Amino acid sequence: MSGNETILEVRNLKKYFFSGKKRRGREPRAVKALDGVSFSMEYGETLGVVGESGCGKSTLGRVIMGLHEPTGGALFFEGQDVTHPDKVKRRELNHKIQMIFQETSASFDPEFSLERILEEPLVIQKKGSKKEREKRVAEMLGLVQMEKIDVRKTTAALSGGQRQRIAVARALLLNPELLICDESFSSQDILTQSQLLELLEEIQRKTQLSYLFISHDLQVVRRISQRMGVMYLGSMVEQGLTAEIYEEPWHP
């Protein structure tokens, strides 16, 4: 795809979490995690999303991924309305949109071998024979520069940076077009973080993958994103070219 085509469009997106019960005609209290967020992304670009803790940026990623149902607004992926997808459309989206979470230890079964962890998405989606799946796993390990790893190991034998590389490899198994990174590397030391960012940049050059990069680390977002959005209290209060926002931010 060319870089001037829209892969994701978010229109006035809302996500409210309700607490308490409705009593005597009074509605339960609503926490407005997202309150009218709008933006778009192009193929092959990285959009950084920054903001203080509790501003709604992780909720944004989870709504796009389909882990939360939106309260209002609309989502369009590759021109299709995917705001409330049926089961068939959700399976298709799961191929095209993947997410890497901050805590990889919570994403992997500690008793599974690396081979099983990586092969599992292909097994669930009934993709290929055993030999074809093994070949695909080997390709992904090569892509994340871990082709010499012993796939019989469990994640307990890996460093934090290696576990994140495995998370990236697994997310790429189904050839997604959009990868959501939610504070994915924030727990790593500076050197490991730099290596992982270089890896993402190299993968993007090879595949034209689009990244929605969510982080509270302004320096990381400045390095990896071409455009960025600033969130505050559930709203996207500023967005534009990363260099321009850093040079002359509008919102305090």
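At 41% relative accessibility, Asn 12 counts as partly exposed; buried means under 20% relative accessible area, exposed over 50%, and partly exposed in between, with a 1.4 Å probe and protein chains only. The structure is a predicted model, in which local features need pLDDT of at least 70, side-chain atom pairs count only at pLDDT 80 or more, and totals for chains, interfaces and linings use all residues. Residues are numbered from 1 along each chain as its sequence is written, and side-chain values use heavy atoms, with hydrogens and water left out.

## Residues with positive phi

Asn 12 lies in strand 1 (residues 6-19). Here helices (H or I, at least four residues) and strands (E, at least two) are DSSP runs, numbered from the N terminus. The phi angle of Asn 12 is near 50 degrees, a positive value in a residue other than glycine. Gln 208 likewise is not a glycine and has a positive phi, of about 60 degrees. Gln 208 is located in the loop between helix 6 and strand 8, and with 42% relative accessibility Gln 208 counts as partly exposed.

## Aromatic pairs

A search of the whole structure finds 2 aromatic pairs. Rings of Phe, Tyr and Trp (its six-membered ring) pair if their centres lie within 6.5 Å; planes under 30 degrees apart count as stacked, over 60 as edge-to-face and the rest as tilted. Tyr 16 is buried, its relative accessible area being 16%.

Phe 185 and Phe 213 form a tilted pair, with 6.2 Å centre to centre and 55 degrees between the planes. This pair links distant parts of the chain, 28 residues apart: Phe 185 belongs to the loop between strand 7 (178-182) and helix 6 (190-207), and Phe 213 to strand 8 (residues 210-214). Phe 185 counts as buried at 3% relative accessibility, and Phe 213 counts as buried at 2%.

## The surroundings of Gln 193

Leaving aside its neighbours within four places in sequence, Gln 193 is in contact with Phe 185, Ser 186, Gln 188, Asp 217 and Val 220, where contact means heavy atoms within 4.5 Å. Gln 193 is buried, with a relative accessible area of 9%. The C-alpha atoms of Gln 193 and Gly 161 are separated by 7.8 Å, although these residues are 32 residues apart along the chain.

## Helix packing

Axes are lines fitted to C-alpha atoms, for helices over the stretch in contact, and angles run from 0 to 180 degrees between N-to-C directions.

| Helix pair | Axis separation | Crossing angle |
|---|---|---|
| Helix 3 (residues 114-124) and helix 5 (residues 160-172) | within 8 Å | roughly 30 degrees |
| Helix 4 (residues 130-143) and helix 5 | 9 Å | about 130 degrees |
| Helix 5 and helix 6 | within 10 Å | roughly 20 degrees |

Angles under 35 degrees count as roughly parallel, over 145 as roughly antiparallel, 65 to 115 as roughly perpendicular and the rest as oblique. Helix 3 is roughly parallel to helix 5, and their crossing is right-handed. A crossing is left-handed if the near helix is turned anticlockwise from the far one by less than a right angle, and right-handed if clockwise. Leu 114, Ile 117, Leu 118, Glu 120 and Pro 121 of helix 3 make the contact with Ile 166, Ala 169 and Arg 170 of helix 5. These residues divide into 6 nonpolar, no polar and 2 charged. In this grouping Ala, Val, Leu, Ile, Met, Phe, Trp, Tyr, Cys and Pro count as nonpolar, Asp, Glu, Lys and Arg as charged, and the others, Gly among them, as polar.

Helix 4 is oblique to helix 5, and the crossing of helix 4 and helix 5 is right-handed. In helix 4, Arg 136, Met 140, Leu 141 and Leu 143 meet Ile 166, Ala 169 and Leu 172 in helix 5. The residues of this contact comprise 6 nonpolar, no polar and 1 charged.

Helix 5 and helix 6 are roughly parallel to each other, with a right-handed crossing. Their contact is made by Gly 161, Gln 164, Arg 165, Val 168 and Leu 172 of helix 5 and by Thr 192, Gln 195, Leu 196, Leu 199, Leu 200 and Ile 203 of helix 6. The residues of the contact of helix 5 with helix 6 divide into 6 nonpolar, 4 polar and 1 charged.
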